[in-house]
Amino acid sequence: MSDQTQADNQQPERLLSEHAHKNRAMWQATSDSYEERHAASLAGQNAMAWGLWRIPEAELRIFGEVAGKDILELGCGAARWSIELARLGARPVGLDLSSRQLQHARRLMSEAGVDFPLIEASAEDVPLPDASFDIVFCDWGAMTFCDPQRTVPQAARLLRPGGLFAFSTATPIEFLCLDVATDRLADRLMNDYFGMKRLEWENEVNFQLPYGEWLRLFRRSGFVVEDLIETRPSENATTSYLDASEMAWARRWPMENIWKLCKEP
């Protein structure tokens, strides 16, 4: 993949959507504080782990063998996942819309002694060739902040036949119970299920679809669903992302899920 990309490519401004501009501004402003708050929970053995509860990839085995594979991480942030994949012999590429996030990635890559391309671009319009990757994945990141009607076809375009697309994100159930006014989870339905697409705050836009819409989108894009993992925190689980009441909510209802998809041969 290294002969097809240049490190730190930047996508032209004209290709960015309105919500991408808003989300990028948010990440530019909060990247340092995010790193300070969550670095400890994302580092070490948690670097190659999924979701809010940092469930190890070694336990879930979503990827399988990664050595020698071309892997694209959408919304890579500080690229901890990709750094670990490089250590295992994969050929990763990290993509993120925030230049500040990629600065953290460069620092950690240097500290780890690994090197791979970093692309500054939106996952809605990836400036890379068709059929370039064996695996495309996202641990929350871009699949939370980008329109899936654009990102899912992009992932299909970028994957080789039989390739894997895996991503963790919030569940439609979490979306239904989220009170935008208070940014808190309720124990009742707060938002409409039919027609759900986006929730918007002053500085941020998130995306979500009903389950049926997800399935139809996957099929239109040429994917077969292999698994849907609805994660649940154990009684002794900890996370830097949620408080005690939110953790209690997540033990009753699925807050996040991991989609595992295969591109049709």
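Visitor: Is Arg-54 buried or exposed?
Guide: Arg-54 is buried, at a relative accessible area of 10%; buried means under 20% relative accessible area, exposed over 50%, partly exposed in between, with a 1.4 Å probe and protein chains only. This is a predicted model, where local features need pLDDT of at least 70, side-chain atom pairs count only at pLDDT 80 or more, and totals for chains, interfaces and linings use all residues. Residues are numbered from 1 along each chain as its sequence is written, and side-chain values use heavy atoms, with hydrogens and water left out.

Visitor: Where is Arg-54 found?
Guide: In the loop between strand E2 (49-50) and strand E3 (55-56). Strands here are DSSP runs of at least two residues, numbered from the N terminus.

Visitor: Which backbone oxygen lies 2.6 Å from a polar atom of the Arg-54 side chain?
Guide: That of Ala-49. The backbone oxygen of Asn-46 lies 2.9 Å from a polar atom of the Arg-54 side chain.

Visitor: New topic: what about strand E14, how many of its residues are buried?
Guide: 8 of the 8 residues in E14 (residues 256-263) are buried. Glu-256, Ile-258, Lys-260 and Cys-262 point one way, while Asn-257, Trp-259, Leu-261 and Lys-263 point the other.

Visitor: Why the two sets?
Guide: Because in a regular strand the side chains alternate between the two faces of the sheet.

Visitor: In what sense do E8 and E14 pair?
Guide: Antiparallel, over 7 bridges, with E8 spanning residues 159-170; two strands pair if DSSP finds at least two bridges between them. Thr-169 has Asn-257 as its bridge partner in E14. Strand E13 (residues 223-230) also pairs with E14 in the antiparallel sense over 7 bridges, and Phe-223 stands opposite Lys-263.

Definitions and conventions: Helix = DSSP H or I, 4+ residues; strand = E, 2+ residues; numbered from the N terminus. Polar contact = N/O pair within 3.5 Å; in protein donor to acceptor, adjacent residues only side chain to side chain.
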